[in-house]
Amino acid sequence: MLLLLWPAGLWAAAPSRPNIVVFLADDMGWGDSATYGHELIQTPNLDKLASQGVKFTQCYSACGVCSPSRSAILTGRTPYRNGVYRHLSGSHEAHLRSSEITYPKLLKSIGYETCHVGKWHLNSKPQFNTSEYPQPGDHGYDYWMATHNNAEPSHKNPNNFVRNGEPVGELTGFSAPLVAAEAAHWLSAIRDDSKPFALSIWIHEPHSPIATDLQFSGLYDGHANSEYMGNITQLDHALGLVMDALDREGVSDDTLLIFTSDNGPVANFGGTTGGLRGGKRSDHEGGIRVPGVVRWPGQIKPGTVSDVPVIGTDIFATVLDITDIPMPQDRTIDGISMLPAFDGKPLTRKTPLFWRTHVSPPADRVALRIGDWKLVGDDTLTKFQLYQIRQDWKEEHDLASAMPEKTEAMKKRLFEVWSDIESEGPAHWWKNERQKPVRGGTVNY
């Protein structure tokens with residue numbers, strides 16, 4: 001196990017079996033919070049969490065759209081490798097296969113209790129809550145209450161939750177606080193408190209269709225974007241409910257709590273990237289750079305800011321690292337443990353940071369980052385852009401023509417990574433894709 005070394009007497013040795021909580025927002029942009037510089041949106045609980053742990057300035061989702069990024073969190077494998085290469089909103093055959101190894105399944109095998117509440121979106125709509133396809137319970141969760149995709153008809157009074165296979169019916173309230181309340185109920189009344197636990201809280205906010213409690217939208221009365229800004233504060237309130245529940249149960253000090261988002265925001269609904277180029281569906285920074293805050297009392301120095309690049313795929317390897325579970329040897333794991341990055345130390349990756357988003361604009365279908373260099377390629381893998389991303393974080397200065405040798409070296413590595421991924425993933429799923437190419441593109445995956 002890798003431990004962080006702090007001055008003697010200040011930080012305790014890492015607990016041998018810490019609890020794991022992953023709180024995932026839906027379509028929340030890098031700039032959608034006070035924590036990341038928004039001048040109006042109030043996020044007191046996320047601010048508090050950052051003051052108690054580490055805030056990552058270069059945290060990434062594994063894809064510019066949601067189903068793939070979620071699959072990567074659970075498996076540690078880039079989406080095309082684990083098979084969930086696209087969003088699963090219709091009747092597609094793709095799904096998170098039972099052959100994939102998830103961190104909840106591994107934690108359960110060593111005695112953890114596990115729970116998932118909120119959005120699932122790792123199988124298509126006809127596959128959800130059926131015995132023919134794997135459900136949350138088949139991927140390692142003892143208890144689950146989930147929707148297939150969005151809260152319906154909106155965040156207000158959702159009626160499409162399923163609890164352990166049984167439809168719940170209409171709930172009164174708003175989605176994120178309802179999901180947080182279910183998590184708190186599981187913590188206090190259902191789990192075996194003699195065991196460590198893993199809890200996934202995947203809320204729906206601020207994904208459309210947006211609905212916001214007046215107590216939160218009212219904070220921004222008179223602003224044209226009050227509904228969206230209030231929706232962010234609504235999800236922040238839900239985060240606070242979870243933090244309070246952990247405190248009441250007396251487990252906060254023994255819990256690794258991760259907050260992040262599944263992908264970037266949608267500007268038309270009010271989201272902001274904080275100045276990053278692109279948005280949801282894009283492999284420019286605005287589609288994939290997301291908030292990332294981690295608290296682990298006694299192991300992460302409070303108030304730390306880390307500019308080390310990390311990605312949702314790393315959560316799997318981090319959980320295995322801190323629980324002493326051996327890494328699977330029969331498959332490629334793309335993520336690596338984030339523990340050094342909690343202290344601002346660099347990470348050494350065997351597989352570079354890689355993105356491919358099937359519904360991106362054609363000009364930014366793929367991206368690869370190595371160090372400070374980022375290559376962005378089109379859907380045909382014939383046209384490329386090159387950015388020195390740390391200093392040009394808005395991706396305003398394409399260096400591909402000015403630096404042909406660097407561009408060629410990055411292209412060579414991208415082709416190697418993609419070839420390796422394609423050889424391992426279920427390529428028949430995407431090569432037989434029926435969906436037409438979007439936005440004038442020529443390739444539909």
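I took helices (H or I, at least four residues) and strands (E, at least two) as DSSP runs, numbered from the N terminus. The model is predicted, so I note that local features need pLDDT of at least 70 and side-chain atom pairs count only at pLDDT 80 or more, while totals for chains, interfaces and linings use all residues. Residues are numbered from 1 along each chain as its sequence is written, and side-chain values use heavy atoms, with hydrogens and water left out.

Entry: Asp-27 sits in the loop between β1 (19-25) and α1 (44-52). I then checked cover, with buried meaning under 20% relative accessible area, exposed over 50%, and partly exposed in between (1.4 Å probe, protein chains only). Asp-27 is buried because its relative accessible area is 3%. I also found a positive phi, near 60°, at Asn-129. Asn-129 belongs to the loop between β3 (113-119) and β4. Asn-129 counts as partly exposed because its relative accessibility is 28%.

Entry: cis peptide bonds. I found the bond from Glu-152 to Pro-153 to be cis, with omega near 5°. Pro-153 lies in the loop between β4 (143-147) and β5 (162-163). I noted a cis peptide bond between Ser-208 and Pro-209 too, where omega is about -5°. The loop between β7 (197-202) and α6 (214-217) holds Pro-209.

Entry: cysteines. I searched the whole structure for disulfides (a pair of cysteine sulfur atoms within 2.5 Å) and got 0. For Cys-63, the nearest cysteine sulfur is that of Cys-66, 8.8 Å away, and Cys-63 is in no disulfide. Cys-63 has a relative accessible area of 0% and is therefore buried. Cys-115 is also at 0% relative accessibility, so I list Cys-115 as buried.

Entry: surface charge. Which residues gather in a patch of negative charge on the surface? I list Asp-244, Asp-247, Asp-253 and Asp-254. Patch members have over 30% relative accessible area and no salt bridge, and like charges are joined within 9 Å. A salt bridge here is a side-chain nitrogen of Lys or Arg within 4 Å of a carboxyl oxygen of Asp or Glu. I placed Asp-254 in the loop between α7 (226-248) and β8 (255-261). Asp-254 counts as partly exposed because its relative accessibility is 39%.

Technical notes: Patch = residues over 30% accessible without salt bridge, like charges linked within 9 Å, V, L, I, M, F, W, Y side chains within 5 Å. Areas by Shrake-Rupley, 256 points an atom, 1.4 Å probe, with all protein chains shown as cover. Lys, Arg positive; Asp, Glu negative; His and termini not counted. Charge placed at Lys NZ, Arg CZ, Asp CG, Glu CD.
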